Every structure is written in C-alpha cells, then in structure tokens.
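Let's take a walk through this model together. Keep the sequence and the 3D view open side by side as you read.

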Amino acid sequence: MARRGWPLGAIVGERPSGYLAPNRFALPTMRQLLTIFLLLAFAAPGLGQNPRLGHWCLGQGQGLDFATFPPTLSTSAMSTSEGTTQISGLDGELLCYYFTGKVLDRQNQVMPNGSDIRDIGWMCQGSIIVPKPGSSTLYYLFTMDLNPVTEWMDVYRSTIDMSARGGLGDVVAKNVLLRQSVAPGIAATHHANGQDIWLVLQGGTNDQYYAYRLTDSGIEPPVVSHLFGPHTQIYAKFAPDGKTYAAMLEANDYSWWKMALLDFDKASGLFSPRFELPDDINYGFAFSPDGTKFYYYSAVESELQQYDVWTQEKTVLAAPSFTTLQLASDGRIYLSGQIANRLWVIERPNLAGAACGVRQLDLRFNVFFYHFPTLLESLPGCPPLAGTYTIDPARAGESRNFASFTAAVEALICGGITDAVNFDVAAGSYAEQISIPRIRGSSPSDTITFRSATGSHTDVVLVSSGLPQGSVVELDSTAHLRFENLTLRNSSTDQAGAHTITFAKNCRDIVFRGNRLVGQAAPGGQHDITVVDNGPGARHSKLAFVGNLVEGATNAFTLVGDSLAFVGNTVRNFQRGGIVLSGNHLRLVSNSIATANRFSSSGISLTDGQEVVVAKNTISIADKHEWDFSGLMVSDMGDVLVANNFIALNGSTALYGIQLWGVENASVLHNTVHITGNQTITSNSCMVLYLEDKPNLIANNIFSSTRQGKIYEGFAELGLLRIDHNAYHTNGNVFADLGTPCATFAAWRGGTGPDAHSVFQSASFLSDADLHLLQGQLFLRLENPLPQVPEDIDGETRSPSNPYCGADEIAALEPLAIAAEPVCLGDLTLFALSSASGIASVLWSFGDGQTSVELEPAHRYALPGRYAASLQVLLSDGSRQTLSREVVVLARPASLMIEHE
C-alpha cells in the first residue's frame, strides 16, 4: 500500500510538468508558406484533405468528381477497373489518367506517345502516377508488366510533361526499366523533407522491401528492409502521413498469410513491424486522413472493421460485401462492392467507432468496381511549427496566422512541432468540431497551447457546428496539450454521446486551465451527455483541470486514468454526477460543486484506485426528485485522504454525506457534513454509509442533520475502525446502525467503544448551505491536532494544540474593548475600538438612553454620574459580540473668585 498522510499544502501547489515553456521562433520559407496556403485553401469538412485526390476515373466510362458531396458522376474513356491510376492538380481538377497501356488527358484523349505503355493489364495495384520532385509540370508513371522468365513483375517508368499542348500533356519518355522480378503492388509517399518521394516495392521471392527515393536529380538506389521471411506482397498502401504502411502478405510456401501494419521512417526509408491483424485476406483497405484509423473489409468475417493504428482496438462497423476502399479529396473514405452497384461512404473517418458514420449514398454505378484507382495520398510536407501563432479569421493570409482551429490542427498534424507552440485565439465564436491526434515532436517541454488572446474565456467560444453527435473537441491518443481561457460549448440536443470534450483514446499530459466548459443537458436526463467524457476502454494519465467553470449536461466529468488532478474548478447544474473518476493518484482539491437538478446522484464519485486525496472541496446538492444521492462516494479504493470538505445536502429522499464502500486505509478528517430538508424517508439520512471492518480513521469531523436518520450505517464490526473526536447532531430516532441499532449517542459510545472524546450537540453555521462556523462554539474544540491537516478549508492555520473539529477553523479575533476615559461634565466622551478588523456593523448604547451606529462616535452627557455603556458588534462571519463598560462623568468644580479690595 502506498504512503499515507499527505500534507494539503503540497497538493494545492502541484502543477503538471512542462506547463510553461519558452517561445522560440522558426520562420517558414516562402515555399513552405505556399504549401500551407494550398493545404488550407482546399480544406473541407475533415482533417488532411488532399486536392490531388479530387477526381477519379472509373471503368465503363464512369468517373467521380469530389468537388461536391455527395460526389458527382462524370465520364471517362476507361474500360477497366483494375490497374488504374490518375492524378489531379492542387486545384482538384483532373490532370491525366492511365489504364491498360494508355495515358489519357482530361479530355479523355490518348496523349501523344501515350500508347503501348508496358503493363500486365489486370493487376489491381499495377500502376501509380506521382509528381517529379522539383518540378511543377513533370510526372512519373510507374507500371508493372509480367516477366515471362521469372513470372514476377518488372517495373517501368514513363514521364509525362503536363506543360505540353497547352496543359493537356505529352508522354516524353516511356518504358524505362526500374527493377525486375518483384511482387505485385506498388505504393508511394512523400519523404520527411516534404519534397522527395519514396516509391516502395516488395521482392516477392524474398523478405526484402525496396524503397526508392525520387529526387529532383533522379532516382536513387533503393533502401532495403528485411521482414517476415520469404513472402509475397499482394496489396499495399501508405497512410496519408506516410508513417504507417499496410500490406496484405502471403508466405511463398503458403504456410501463412496476414495483414500487417508496418512503421515507415520517412527520413531513412526503412520499415519495421508494428502489429499484425487476425488471419484474413482482402485487396481493399484505407487509412483515415489523420492516419490514426485503418479501415479494412474482412473476407473471413464478412464485415467492415476499423482498427486504431496505435492501440490495435477493433470496431466492427458494417456487414455489406465491400471490395475496395479509397480516401478522396474531401477527407471521406468511399467504398464499393457487390451491393446493387451502390457507393458507400465513411463520413468522418478520423473519429473512433460508430461516430465515423458509415452509410450508403443514393448514387448508383453501371457496374460494381473491384478496385478504385491507385493514388498518391500524401501531400508535400508541411513545415513544423514552433513559437507563437494566431487564430484569427480577420487576418487571413498572414504568415503566422490560421483562419480557424481546424486549420491550425491540420498544420500540427501535417508538420508536427519542433518547439513549444502557442495559438493565441482572437475574440469571436468558432463553429467547429476538432479532433487532435498525437502530434509529432510534442513533449513535456514542447507543449501545444490553445489560449484566448485576451486572457478571458468569455471572448473566445468554440461551439459544435450542429452535428447531432460528436464532441466539440476529441482528443485521440493526444499528449502534451493545453487549453487556456476558452469557452467550449456543445450545442447538440437530446443525443447520446454529444459531449463537449472526449478523451477518445489514451491521452497523457493534458491541461485545461481557466476555461468555461458547457454541456447540453438532455431533456429528462435520459441520455449520457457529459461535458468531459472518457472514450470506451481508454485510460489516461497526467490530466489536470485547474480553475475551470463547468456547466450543464447529465454528468460534468467522467474519466478513467492515473494522476488526474482537479484543482479550483467550479462545477454547476449537472443532472446526475459532478466529478466521476476511476484510477490511481487522484487529486481533487478546492473544487466547488453545486446543483439543484432533479436527477442528481453524487457530487464526487471515485472508484477502483489507490492513493487518493479529496480536500477543501465544497459540495452543495439540493434534491428536486425522489432519487437518493450522495455528496461524496468512494468505493473499492485504498490509501484515501478525505479532509476539509464542506458537504451540504438538502432534500426529501435518502441523502448520504460520505459513502465508503470497500475502502481501506482511509482517513476521513476535519470534514463538515450538514443535511437538511423535508423528511419523507425516515430510514436513511446517513453521514457515512456502509462502514466496514477495515483500517480506516474517522476523526475531527462535524456530522450534522436536522432530519430524521442515522449518523452511521453499515454492516461492520468496529475492530479495525478508529472513530473519535467528532461532533454529531441528528433528529433521528437511531444514532447508528451497523447491524445492531444504537438509538442514542450514549448507547453507541457505551456499546461499541468509539467516540470516547466526541460530543453530541448542534453546531451553528452561517447558513444551511454555507458551513462556516459561527463564533463562540468552544465545544467544537476537542484537543486533537492532526499533522495531516495543518490548515482548514480556507487555508487558515489550525490551532496546534486545540483545533476546531470540522472543516472550518474559527479565526481568533482580537478582543474588543471600549476606550472611554473619565471626563468632566460638558466635555465630549470619545468611544473607540481596540481593533476594527472583521467588523460588519456596530450599535453603541451610551447608558443615558442615547445610541449611535457610528464606528467611533463622540457623545456629550447631560448630567454627571456613572453610565453603563455597551457595544453590540456584528462580525463579518455572521457572529455577534456584546461588550460593556462603565463611563464616569465628573461634575465641574466651582469657579475660584478673586476679590479686589
């Protein structure tokens, strides 16, 4: 078991490592800025759109134009649907396409010298067109043809010049042999420098992968990787970011076949294994634009599957028989197969699970297609980001500005970072929904921060764009990210899963500070709408929420993870749960949690973990329904400190201040729990529910109720429990019931032995909701200093020898005194205080029937004598003091007369 007895001061002072990082600048070149402009200019609904994928030519004279959604059917001269390729320009318009030995221009005419290209004619992935590095008009066409001797594929290069014929193009060289006897399938992606291109082939008869680097000066000898033993690559594809490579493989002796995902080093050209999918075979698969999801139709299971590239988590999406999948320029993945020749779509492929949105489109082909064209899905690389940028639609075109959150996220995904990055967001409302994956280059010192440029969360609002489901911000395997002083608001209504923030996959080192987070409460509370929600099966680490205002929704927080910190947040108007957590090393300090919604169930609920601190929180819940609810519930945890919390509950149902289920090594110290309301259920009004025979300490608390009910309830012996130095009050007929009822406090103490130094007396608070103590309750000093709790909920130092019990240590006020020296009749008597600290109002009575409300008045008595003056003082904490003293007024002596003779 971990250590116990955390000092509270250390908890409040914690903050995540690397929260503040220096700003250093790396200015992009003009070429890099042009790349960014082209990326942003053609950005559509999703992340990572590539305009070069904007037009497909398909068999049977058909085509698809992705300038619209759904895409528009177009025409082509293509007569086959296998072994085809094409490329569009950066404006999304078709440049040229290729099939069965012919290169055609955008007018569907064969280019000059564009016939008789070496090609086997029937291979599903036997050709690809890529730009020639360093040129804006030259393109390489790579094709495969059967070697009649080896019966493997020979690879040939042809060159297309799109500057010829007024932009219609010519084939200026063709059928230049690149390599002999390789496996079917050809794939390409950009080099890490963003300009060169890698062309990848597999050896077929061996275990070798050949990565050819295409540069502005030519084609370099291949970089060779060795994987899996002798095998044949059947089909392969790069993710758009070029970092992951998927391949369908078969052993040359037919002893195995597998789908493998490989890591690809875009700088060196080397491959390494990542993971393998279950035995299966298919020729069609695709990656999401951000490269985090892999979509694959299983021929064995007859179902469309989504795999998380990092966690390997599988989600089954649909059952129709798809034969081909391909990413398009609009950021969507399209599917075709033997389903009434219909086109299907994955609308949001970056999102996990069913949120990706698989559906059939009302678009019918003449025939179904076994394969869509083979395309280069990567774009020229973006420059890495470093330093401070702005997000401001009014400053479009400036070199260090992005027009939207989406554009900034795209740049992060594309280029990564080389230093800490800050985005200063201009005031305004941004109707966007963003998904942020793991960003290359981020670290505890090189963090990514989105923050309000004005420093106020009221000025910047990121609001969901109206989709019925999905989060405003989705964090998917994200790390080292900060959000500061923003408003994030979900505007969806009555939809399950319409969260404000979703931690979709395992995230690490994320900080939300000073934000307003607003959820949309579902009518009647029937849907699981949460402001901050946990993705299925995800477990996070080092998440911190500091000084945020959180409002609305069914639940405010629902998270699973380790080293989660919640400090100084204000949580309001949730319907069922305030902060609901599971995990180890949890810190909940100085949060204010309040609601009066009708389906409330708990202010704080913690389960399944070790080493937990719940300190200095204020929990206030009012019931408007017949549901039971609790202020704090802790279950199946160990090594727990619950200290200095205010818990005020009001309602007519069963109310539980603190619940301990399956908890051991817990210290419940210096808490104030107060339960009020109209009683309709007399059996339950528990401060601590279900005590168990475990080594727990319950000391120096105030447990108070103006209702019927019990202080303690449970099914436990008290052999290991330590309970003492508490102050109790309840109107119930039973004080405690741990299997054997104890009707009174005396019976409880006499029959069981606990609480030898505790008292049973009603404490006085500022109000039923504000549990600060009024002055003058010395019975609450029980002479039990606890080193674990050296200060109270307000940070005031406790008495080192005789502290108050409960969460509030009453500050010792300086004694008040009336300063009034004896005076002679007719002179002014001055009244003063020894200290004016903490005084709200005063009422002076001078003893002669006259009064004053001035702080330090002056009074003239009419007659000599002794007067009983008094002072009533209302202190700022709501308590009162009354002081009195005698004032002496002396008669003036007779005047001395000097007579003259």
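This is a predicted model: local features need pLDDT of at least 70, side-chain atom pairs count only at pLDDT 80 or more; totals for chains, interfaces and linings use all residues.

Residues are numbered from 1 along each chain as its sequence is written, and side-chain values use heavy atoms, with hydrogens and water left out.

pLDDT is the predictor's confidence in each residue, on a scale from 0 to 100. The chain averages 83, and 85% of its residues reach 70 or more. Helix 1 (residues 8–12) has the lowest confidence, with a mean of 30, while strand 33 (residues 448–452) has the highest, at 98. Helices (H or I, at least four residues) and strands (E, at least two) are DSSP runs here, numbered from the N terminus. Two stretches stay under 50: residues 1–48, for which the model has 109 contacts beyond four places in sequence, and residues 896–901, for which it has zero such contacts. A contact means heavy atoms within 4.5 Å.

Now the overall layout. The chain has four helices and 71 strands, and buried residues make up 56% of its 901 residues. Among contacts between residues at least 6 apart in sequence, 63% join residues at least 24 apart.

Strand 11 runs antiparallel to strand 12 (residues 197–202), and four bridges join them; two strands count as paired if DSSP finds at least two bridges between them.

Most residues other than glycine have a negative phi, and most peptide bonds are trans. D116, in the loop between strand 6 (102–105) and strand 7 (127–131), has a positive phi near 60° without being a glycine. With a relative accessible area of 63%, D116 is exposed. F228 is not a glycine either, yet has a positive phi of about 75°; it lies in the loop between strand 15 (223–226) and strand 16 (231–238). At 26% relative accessible area, F228 is partly exposed. There's a cis peptide bond too, joining F69 and P70 with omega at about -5°. P70 is in the loop between strand 2 (62–65) and strand 3 (72–75).

On to the interior. A nonpolar core is a set of buried Ala, Val, Leu, Ile, Met, Phe, Trp, Tyr and Cys residues joined through side-chain atoms within 4.5 Å. The largest one has 92 residues, and F423, F450, F503, Y712 and W748 touch the most other members. Helix 3 (residues 405–415) gives this core its largest share, seven residues. Leaving out neighbours within four places in sequence, the contacts of F423 include L385, Y389, F402, L412 and F450. A second, separate core holds 27 residues, among them L53, A318, I346 and F372.

V463, found in strand 34 (residues 460–463), is buried at 8% relative accessible area. Its C-alpha atom is 9.4 Å from that of V473, ten residues along the chain. L586 belongs to strand 47 (residues 586–589) and is buried, at 0%. L586 and E611 are 25 residues apart in sequence, but their C-alpha atoms are 6.9 Å apart. Beyond four places in sequence, L586 touches residues including G561, L606, V613 and M637.

Finally, what about empty space? Rolling a probe the size of a water molecule over the atoms shows where such space is left. On a 1 Å grid over the protein atoms alone, a cavity is a set of points where a 1.4 Å probe fits but cannot get out, and lining residues have an atom within 4 Å of a point. Grid points are joined across faces, edges and corners, and a volume is the space filled by probe spheres set on the points. By this rule there are three cavities of 30 Å³ or more.

Conventions. Buried means under 20% relative accessible area, exposed over 50%, partly exposed in between (1.4 Å probe, protein chains only). On a 1 Å grid over the protein atoms alone, a cavity is a set of points where a 1.4 Å probe fits but cannot get out, and a pocket is an open set with protein on both sides within 12 Å along at least five of seven lines; lining residues have an atom within 4 Å of a point.
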